[in-house]
Amino acid sequence: TRKTNLKVDQPKLKGVLAKIPRTGKVFIKSAKKTGQSSEINEPLIKEWKKKRKPILSIVPRILLYKEQVEKWEITAIDSYGNIHREFHESIALCFDSLGKISYFDWSGALVIFDEIRQGLKHLISSSTLEDMRSYVLKLLQEKLPEAINGGGLIVSSDADLTDVEVNYIDGVCPDGKTFIVDNQYRDEKGNCLLNTFDPSHE
């Protein structure tokens with residue numbers, strides 16, 4: 001089991017952002033609706049926009065990046081056309097589209113892998129990537145270290161994050177330090193006994 005650098009037990013990830021590094025690889029395990037987006041990703045995106053450094057959100061599903069585009073005020077890949085401009089902005093895309101930005105300089109980039117478990121499953125086994133898989137993997141092996149070595153940050157998160165995802169990203173990108181956050185809070189409401197009233201006891 002990989003060593004956890006920061007353990008918390010809280011319904012929202014408030015205060016966690018101040019404790020995570022701004023370069024290297026950060027992995028966050030936290031249940032859904034604990035504020036991964038509002039407490040971590042959105043403030044980081046604002047920081048990177050101020051630095052005028054690239055921001056990439058790489059996800060398994062088109063619907064997910066379309067949600068992010070509205071929430072985080074970043075640009076969907078299909079809004080760029082041919083993208084022949086200097087890349088210091090933000091882009092949201094699926095793994096399948098990574099080849100379209102292969103010539104960009106990722107130096108210093110913020111790279112977000114939301115739903116990393118599903119993302120890696122898609123990368124490894126999706127039929128839509130069958131012909132491109134080795135190319136996309138090679139691209140990540142080249143571009144993720146480029147981001148880190150330029151002072152960038154990779155943030156991978158999932159409610160069900162395991163060592164498998166951490167080890168995979170570390171294998172693709174050995175550069176930079178790894179920082180693991182585990183929010184152990186679980187919403188137990190589903191296990192509550194909602195109705196304890198028994199009419200037979202009246």
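Reply: In this predicted model, helix α3 (residues 116-125) packs against helix α4 (residues 133-149) at an angle of about 130 degrees, and their axes are 9 Å apart. An angle over 145 degrees would count as roughly antiparallel and one of 65 to 115 degrees as roughly perpendicular; α3 and α4 are therefore oblique to each other. The α3 side of the contact consists of H122, L123, I124 and S125, which meet R133, V136 and L140 of α4. By class, the residues of this contact comprise four nonpolar, two polar and one charged.

The surrounding fold gives this pair its context. The protein chain contains five helices and seven strands. Read from the N terminus, its elements follow the order β-β-α-β-α-β-β-α-α-β-α-β.

The seven strands form an open sheet with parallel pairing, ordered β1-β7-β2-β6-β5-β3-β4. From one strand to the next, the twist averages 15 degrees. Within the sheet, β3 (residues 55-59) and β5 (residues 110-114) run parallel and are joined by three bridges. In this pairing, L56 stands opposite V111 in β5.

Two other helices lie across the strands. Helix α1 (residues 36-51) lies across β2 (24-29), β3, β5 and β6 (153-158), and runs at about 165 degrees to β6. Helix α5 (residues 163-172) lies across β2, β5, β6 and β7 (178-183); its direction is at about 165 degrees to β2.

As for the chain as a whole, 47% of its 202 residues are buried. Among contacts with a separation of 6 or more, 76% are between residues 24 or more positions apart.

A search of the whole structure finds zero disulfides. C94 has 6% relative accessibility and therefore counts as buried, the cut-off being under 20%. C173, with a relative accessible area of 0%, is buried as well.

To return to the part requested, the contact of α3 with α4 is oblique, with an angle of about 130 degrees and an axis separation of 9 Å.

Methods
Residues numbered from 1 in each chain as written. Predicted model: local features only at pLDDT ≥ 70, side-chain atom pairs only at ≥ 80, totals over all residues. Heavy atoms only, no water. Pairing = 2+ DSSP bridges. Helix = DSSP H or I, 4+ residues; strand = E, 2+ residues; numbered from the N terminus. Axes fitted to C-alpha atoms, helices over the stretch in contact; angles between N-to-C directions. Contact = heavy atoms within 4.5 Å. Parallel < 35°, antiparallel > 145°, perpendicular 65-115°, else oblique. Nonpolar A, V, L, I, M, F, W, Y, C, P; charged D, E, K, R; others polar. Disulfide = S-S within 2.5 Å. Buried < 20%, exposed > 50% of the residue type's maximum accessible area, 1.4 Å probe, protein only.
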